[in-house]
Amino acid sequence: MNASVLVVEDELDIAELIKLYLEKEGIQVLIAADGETGLEMLRGSSRVDLLILDLNLPGLDGFEFLRILRKDFELPVVIVSARHEDGDMIMGFGIGADDFVPKPFSPRVLAARVRAHLRRSRSRQSDADSRLFRFGDCVLDRKSLSLFKGDSRIPLSPREMQVLIYLSEDPGAPRSQQDIYDAVWGQDFGDLNTVSVHIQRLRQKLEDEPSRPRLIKTVYGFGYTLNTGENV
Ligand code: CA
């Protein structure tokens, strides 16, 4: 698994044990002996996909560390602590941790939980990536079926939304009127003019100058394409 984990732990033998087990899984491990160093590493150039955090730390304690961290970072956090009684509090009060593993712990179990959190956060990330489509100053959310231009939500009819989603599936690729008609209306024989009517309506809503469209371009003699280039 290609991932990087930061262990914030002042007991070096524990940190090294975690490192040993995670490296067996192909996970890169960084160690910080206190919270201040940990924050520096996160804010620096180090890429970190998940954090393993001890609570009893010199200087900044684990809770303070987590509070500061959550202002800027969304990565999964697994707390490893001897303070068993803290477990409920962490999970119950939403202090910003994703998991709690009491000490003493089995390194194999910890490694398995780390793997599970990494997988989960990865699939969340790729969901978000495939869901949001950006073009020009617009963002199309293909899951909630909403469209934003700058900060404003632009209301679209269901067919307008379907046309836009279809064009966004392979941005830059020209689509013929017939392709669009088949994909959105789903009949072999229909009035192809319906497509250009919907394209005009979309342009009225999306384009800064609907008569000189920059987002939904006409491909002369063929159809339409969605422009995601830098020149939009
Ligand atoms: Ca400690």
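These legends accompany a set of close-up views of a predicted model.

**View 1. The chain is split into two domains.**
Let's start with the overall layout. Domain 1 takes in residues 3-130, and domain 2 runs over 136-226. Taken over C-alpha atoms, the centres of domain 1 and domain 2 are separated by 44 Å.

**View 2. Three residues donate to the calcium ion.**
The protein donors here are Asp10 and Asp54, each through OD, and Asn56 through O. These donors lie 2.1 to 2.4 Å from the calcium ion. Along the chain, the donors follow the spacing D-x43-D-x1-N. Asparagine 56 counts as partly exposed, at 39% relative accessibility.

Helix H2 spans residues 35-43, and its buried residues are Gly35, Gly38, Leu39, Met41 and Leu42.

**View 3. Aspartate 34 caps helix H2.**
Look now at the N-terminal end of H2, where the cap is found. A side-chain oxygen of aspartate 34 lies 3.2 Å from the backbone nitrogen of glutamate 36.

**View 4. Glutamate 11 and lysine 103 form a salt bridge.**
The structure holds 14 salt bridges, and a few of them are shown in this view and the next two. In the side-chain pair of glutamate 11 and lysine 103, the N to O distance is 3.7 Å. The pair links distant parts of the chain, with its two residues 92 residues apart. Glutamate 11 sits in the loop between E1 and helix H1 (12-24), while lysine 103 belongs to the loop between strand E5 (99-102) and helix H5 (107-131). Glutamate 11 counts as partly exposed at 37% relative accessibility, whereas lysine 103, at 11%, counts as buried.

**View 5. Lysine 149 meets aspartate 208.**
The side chains of lysine 149 and aspartate 208 form a salt bridge, 3.1 Å from N to O. This pair, too, links distant parts of the chain, 59 residues apart. Lysine 149 lies in strand E8 (residues 146-149), and aspartate 208 in the loop between helix H8 (193-206) and strand E11 (216-219). Lysine 149 is buried, with a relative accessible area of 16%. Aspartate 208 counts as exposed, at 64% relative accessibility.

**View 6. Lysine 205 pairs with glutamate 160.**
The closest N and O atoms of this salt bridge are 2.7 Å apart. It joins helix H8, which holds lysine 205, to helix H6 (residues 158-169), which holds glutamate 160, and the two residues are 45 residues apart. Lysine 205 counts as partly exposed at 32% relative accessibility, while glutamate 160 is buried with a relative accessible area of 2%. Elsewhere, salt bridges that share partners join Glu9, Glu11, Asp54 and Lys103 into one network.

**View 7. Glutamine 177 has a polar contact with tyrosine 224.**
Glutamine 177 has its place in helix H7 (residues 177-184). Its side chain makes the polar contact with the side chain of tyrosine 224 at 3.4 Å. Leaving aside neighbours within four places in sequence, glutamine 177 is in contact with residues including Leu192, Val195, Ser196 and Phe222.

**View 8. Threonine 225 reaches a backbone oxygen.**
Where is threonine 225 placed? Its place is in strand E12 (residues 223-226). Threonine 225 is buried, as its relative accessible area is 11%. The side chain of threonine 225 reaches the backbone oxygen of glycine 172 at 3.2 Å. Beyond neighbours within four places in sequence, the contacts of threonine 225 include Gly172, Ala173, Pro174, Leu215 and Ile216.

How values were computed
Residues are numbered from 1 along each chain as its sequence is written. This is a predicted model: local features need pLDDT of at least 70, side-chain atom pairs count only at pLDDT 80 or more; totals for chains, interfaces and linings use all residues. Side-chain values use heavy atoms; hydrogens and water are left out. Buried means under 20% relative accessible area, exposed over 50%, partly exposed in between (1.4 Å probe, protein chains only). Helices (H or I, at least four residues) and strands (E, at least two) are DSSP runs, numbered from the N terminus. A polar contact is a pair of N or O atoms within 3.5 Å; within protein, one must be able to donate a hydrogen and the other to accept it, and residues adjacent in sequence count only if both atoms are side-chain atoms. Contact means heavy atoms within 4.5 Å. Donors are N, O and S atoms within 2.8 Å of the metal (3.2 Å for Na, K and Ca); water is not among the atoms, so sites may look incomplete. A salt bridge is a side-chain nitrogen of Lys or Arg within 4 Å of a carboxyl oxygen of Asp or Glu. Domain bounds come from an automatic or database domain assignment.
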